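Open the model in your viewer and start with the whole chain in cartoon. The stops below say what to select next and what is there.

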Amino acid sequence: MFRRLFGDDPSASNAPAAQAADSGAAPAGSAAETATVRQIVGRLESLPPERARYIACAAYVVTRAANADMLISAEETAFLEQALQDYADLDESQAVLVVEMAKLQAMTVGGTEDYLVTREFRKVSTPEQRHNVLRACLVVAAADDSITAEESAVVNQIASELDIDQAQLSALRGEFTDKFAAIRAAHEAAMEHRLPEG
């Protein structure tokens, strides 16, 4: 999944912004680029600017999903760090730093910044990459074996901001049915109230 998200060749520039140029994407460093993205990009000086911007946006969006319940677990953090090392060509220190910065921003800024960064990611990504980052949001939310109601709601909001339609969202959510806390609780309640046979 993260190979599809960050590209098959981690060392390549990936050029998602070039693919999105026709949609009016703002160039790196423009006024439209958020402070959150600029801070993370600043720590990725060894990467081509457009690729650094893409990784910064993607990392923040997925971290936003992890932080939906106001708690980013150790499992969620480890998942993000390993994914950045494996598929974004970051070394361990870079991956840890990007994840920590994304976590800090998600936990302290949130609100309007969530919307701005997610919309910026939409501008610098392809439809396939947007689909894959939404799947990553669900994977990271389920990293501790449960997707809470808060995480589910944020994933739905991210899907809306990425212009992912309801059919695609439903298909993705279907892959994680057993992880949704509300569905699990309803199933357990039904089992408890089931009449004994005979």
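Helices here are DSSP runs of H or I with at least four residues, strands are runs of E with at least two, and both are numbered from the N terminus. The model is a predicted one. Colour the protein chain by relative accessible area: buried residues make up 46% of its 198 residues. Among contacts between residues at least 6 apart in sequence, 78% join residues at least 24 apart.

Next, select residues 49–66, which form helix H4, and residues 74–87, which form helix H5. The axes of H4 and H5 come within 11 Å and cross at roughly 160°. Angles over 145 degrees count as roughly antiparallel, and H4 and H5 are therefore roughly antiparallel to each other. The crossing of H4 past H5 is right-handed.

Now show side chains where the two helices meet. From H4, pick Arg-51, Ile-55, Val-62, Thr-63 and Ala-66; from H5, pick Glu-76, Leu-80, Leu-84 and Tyr-87. By type, the residues of this contact between H4 and H5 are 6 nonpolar, 1 polar and 2 charged.

Which rings pair here? Select Tyr-54 and Phe-121: their ring centres are 5.5 Å apart and their planes lie at 35°, so the pair is tilted. Tyr-54 and Phe-121 are both buried.

Technical notes: Residues are numbered from 1 along each chain as its sequence is written. This is a predicted model: local features need pLDDT of at least 70, side-chain atom pairs count only at pLDDT 80 or more; totals for chains, interfaces and linings use all residues. Side-chain values use heavy atoms; hydrogens and water are left out. Rings of Phe, Tyr and Trp (its six-membered ring) pair if their centres lie within 6.5 Å; planes under 30 degrees apart count as stacked, over 60 as edge-to-face and the rest as tilted. Buried means under 20% relative accessible area, exposed over 50%, partly exposed in between (1.4 Å probe, protein chains only). Axes are lines fitted to C-alpha atoms, for helices over the stretch in contact, and angles run from 0 to 180 degrees between N-to-C directions. Angles under 35 degrees count as roughly parallel, over 145 as roughly antiparallel, 65 to 115 as roughly perpendicular and the rest as oblique. A crossing is left-handed if the near helix is turned anticlockwise from the far one by less than a right angle, and right-handed if clockwise. Contact means heavy atoms within 4.5 Å. Ala, Val, Leu, Ile, Met, Phe, Trp, Tyr, Cys and Pro count as nonpolar, Asp, Glu, Lys and Arg as charged, and the others, Gly among them, as polar.
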